[in-house]
Amino acid sequence: MIAMCVVLGSCVKNREFNTPEIECSNSNFTIISISELKSLYIDKTVQIQEDIAVQGYVISSDIKGNFFNVVFFQDAPANPTEGLQLELELRDSHLFFDVGQQITIKLKGLYLGQSNGIYKIGGVLTSFGNISVGRLPKNVVFDHVLVSCKENNGILPTSVAISELNENMVNTLVKVNNVEFKLDELGKSYAVEEEETLRTLVDCSDKELVLLNSGYADFQSKIVPDKMGGATGILTLDKNEYQLIIRDENDLNFNEERCEDFVDEFTSNSILITEIADPDNNAGARFIELYNAGNESLSLKGWSLLRYTNDNTEVSSTIDLSDSVMEGKELLVISPNAEEFEEVYGFAPDISAGTNSPADSNGDDNIVLEDPFGKIIDLFGVVGQDGSNTNHEFEDGRAVRNIEIEFGSPIFKPIEWVIFNDTGDEGTINQPQNAPVDFTPGVR
């Protein structure tokens with residue numbers, strides 16, 4: 001026998017009215033765990049037919065407008081093991097469901113689904129014959145969601161560092177310690193008006209966590225704090241990226257001094273371009289090769305390869321090299337078509353950059369290697385000059401750096417290169433090259 005509450009009173013008009021009266025009643029339910037409920041989902045949204053219920057403790061609140069028509073709850077007030085999202089058509093749900101309040105949800109007739117790793121229950125939404133979880137209509141919300149009359153002792157968030165976040169914490173209340181807003185977020189508001197906005201929290205080890213804010217929240221226009229501290233909110237997941245949603249700005253307890261500047265971006269003129277390929281017989285076998293001529297490893301965080309197509313003076317495309325670390329005397333091969341590259345050359349490229357990227361040049365473009373601070377470390381060609389019929393054309397051919405060159409140059413020096421093409425100027429070799437026999441990716 002479970003003591004529950006029945007909500008009495010008129011409809012909600014705005015946030016200024018008194019909390020509705022509640023009346024306790026006793027009811028019998030077959031209770032299953034959130035984990036057991038999730039196990040009913042297999043590949044597609046399902047309607048629950050059994051006369052069963054699930055219980056949990058409310059952890060979200062729409063009192064400040066950062067949540068809309070949704071209630072998050074977890075299976076225990078402290079140290080939870082599971083959490084769930086309830087979609088419902090109910091404005092000002094905080095007047096009915098306080099943070100920390102135990103609720104019981106009668107599941108028969110509701111729908112269970114999953115999206116981007118987030119499990120949710122609610123009504124049904126049908127689109128082009130496909131069903132998904134939608135909002136539970138407001139006229140049946142209190143037929144399914146009952147509030148316990150047991151004492152509300154509040155919720156204790158799980159205390160973690162960014163590096164300790166894991167999927168078991170999704171849909172639960174967490175407190176992420178020792179975080180601050182990223183430097184380029186300072187001076188900005190929590191959200192752009194009427195737009196869902198992502199802000200970035202960072203810890204002293206430069207690990208990041210996305211903070212998701214509504215452009216309709218009451219605190220939308222307030223400026224984010226410039227201190228460091230703890231951030232409490234519901235942990236969610238979107239495309240394998242953790243996101244935190246706070247109830248209001250008081251969930252951020254930022255009153256400590258910010259981290260000291262963490263330097264993890266470095267420059268070096270020992271990183272250089274050593275081969276650029278535009279095979280005459282296979283455009284899919286194009287690539288760019290970089291070389292670390294130094295003896296020490298170097299993180300390429302913040303480094304970029306830029307392409308200036310033909311005679312353009314504005315960047316046409318970019319490859320972000322941030323995820324790469326080059327060991328001393330190591331080569332890095334970048335392909336616009338990883339599958340074709342591997343079929344032609346017999347091994348996978350280090351980076352797959354996509355079509356129209358700097359690695360996908362047709363031989364008359366200019367390529368720039370730039371460090372994290374915007375400095376040109378190395379350059380092939382002359383920006384603003386179409387390479388056709390010049391001393392930096394490698395159309396249907398190959399540009400390969402002389403073996404003795406060990407430093408990049410911000411000025412193109414033709415003498416440092418051997419260049420094959422079909423119609424290049426004096427100093428180049430008018431001899432188209434075919435893959436794989438005429439190219440040496442990964443070999444210096």
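Predicted model: local features only at pLDDT ≥ 70, side-chain atom pairs only at ≥ 80, totals over all residues.
I started with contacts (heavy atoms within 4.5 Å). Among those in the chain between residues at least 6 apart in sequence, 65% join residues at least 24 apart. Residues are numbered from 1 along each chain as its sequence is written, and side-chain values use heavy atoms, with hydrogens and water left out.

Next, the overall build. I get 3 helices and 32 strands in the chain; these are DSSP runs numbered from the N terminus, helices being H or I of at least four residues and strands E of at least two. Along the principal axes, the C-alpha box is roughly 95 × 50 × 35 Å.

Then burial. Of the 444 residues, 50% count as buried (under 20% relative accessible area; exposed is over 50%, partly exposed in between; 1.4 Å probe, protein chains only).

Which residues have the most contacts inside the largest nonpolar core? I find Ile273, Leu290, Leu305, Leu321, Ile334 and Leu369, in a core of 29 residues. A nonpolar core here is a set of buried Ala, Val, Leu, Ile, Met, Phe, Trp, Tyr and Cys residues joined through side-chain atoms within 4.5 Å. Strands supplying at least two residues each include strand 20 (271-277), strand 21 (287-292) and strand 28 (366-370). I looked up Leu369: leaving aside residues up to four places away in sequence, its partners include Ile273, Leu290, Trp303, Leu305, Leu321 and Ile377. Another core, of 27 residues, lies apart from it, with Phe73, Phe97, Val145 and Val147 among them.

Most residues other than glycine have a negative phi, and most peptide bonds are trans. Asn69 is not a glycine, yet its phi is positive, about 55 degrees. I place Asn69 in the loop between strand 5 (53-58) and strand 6 (70-74). Is Asn69 buried or exposed? Asn69 counts as buried because its relative accessibility is 6%. Glu194, also not a glycine, has a positive phi of about 65 degrees and sits in the loop between strand 14 (173-181) and strand 15 (197-203). Glu194 counts as exposed, at 52% relative accessibility. A cis peptide bond joins Ala435 and Pro436, with omega about 0 degrees; Pro436 is in the segment after strand 32 (429-430).
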